[in-house]
Amino acid sequence: MDLEAIVVPALFFGSVFGFPLLRRQMIHRHELEREALRRGLLPTRVTQEHPALPAPLPHVGAGDDAPTLALRLPEPHRLFALALLCRLEDTPPPAEERSRTLLSQIRLEYLPETLRAYLHLTPAGREQLRAQGRDPEGLLREQLQRLNEGLDDLLRHDHAAADRLLTQGYFLRDRFGAPHTELLSRSR
């Protein structure tokens, strides 16, 4: 039997099936090392080629931000939370300071805390809620809907942008409207 007939298929199958397994193992090892560095369990090696990792955010741990938490939710809540996150991200910053603050609180505090409370619910906690006649999934849905309605209200009541547009229109009409119409009426 020819050695090439054995080696070539073995290398082919090894690369096809072995590479994804090796890649997954490397990704997992990298995540473990990053987590150990974040917790301070490994010494950081700072060299010219590899600067130190940036310090983690004070209140947001790895996997503790709203997008990561939303991905851990069961369906249909995952889709609702991700849609809400997209709306929050796509919303232009409101002109009013109060509205900007509320938008920031929804994005950085209220939504993550809601998701965290649901995800950290223990089986005993679920049973306690059910004994009180409350469905944990229903409570999450209700809270996500309240946040969505709050965002709707916030965007509906941001009158400063509309006021600025109206004010600019009045200014332009006063500035350019009267003389321009007078010139047109004189030329006829």
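Visitor: How many residues apart are Asp153 and Arg156 in helix α6?

Guide: This is a predicted model, in which local features need pLDDT of at least 70, side-chain atom pairs count only at pLDDT 80 or more, and totals for chains, interfaces and linings use all residues. Residues are numbered from 1 along each chain as its sequence is written, and side-chain values use heavy atoms, leaving out hydrogens and water. Helices are DSSP runs (H or I, at least four residues), numbered from the N terminus. Because Asp153 and Arg156 are separated by about one helical turn of α6, their spacing is three residues.

Visitor: What is the N to O distance in the salt bridge of Asp153 and Arg156?

Guide: Side chains of opposite charge can pair when their charged atoms come close. A salt bridge requires a side-chain nitrogen of Lys or Arg within 4 Å of a carboxyl oxygen of Asp or Glu. The side chains of Asp153 and Arg156 meet in this way, at 2.8 Å.

Visitor: Is Arg156 buried or exposed?

Guide: Buried means under 20% relative accessible area, exposed over 50%, and partly exposed in between (1.4 Å probe, protein chains only). Asp153, at 36%, is therefore partly exposed. With a relative accessible area of 53%, Arg156 is exposed.

Visitor: Which residue forms a salt bridge with Glu137?

Guide: Glu137 belongs to a salt-bridge network that also includes Arg126, Glu127 and Arg130. At 3.8 Å between the closest N and O atoms, the partner of Glu137 is Arg130.

Methods. Helices (H or I, at least four residues) and strands (E, at least two) are DSSP runs, numbered from the N terminus.
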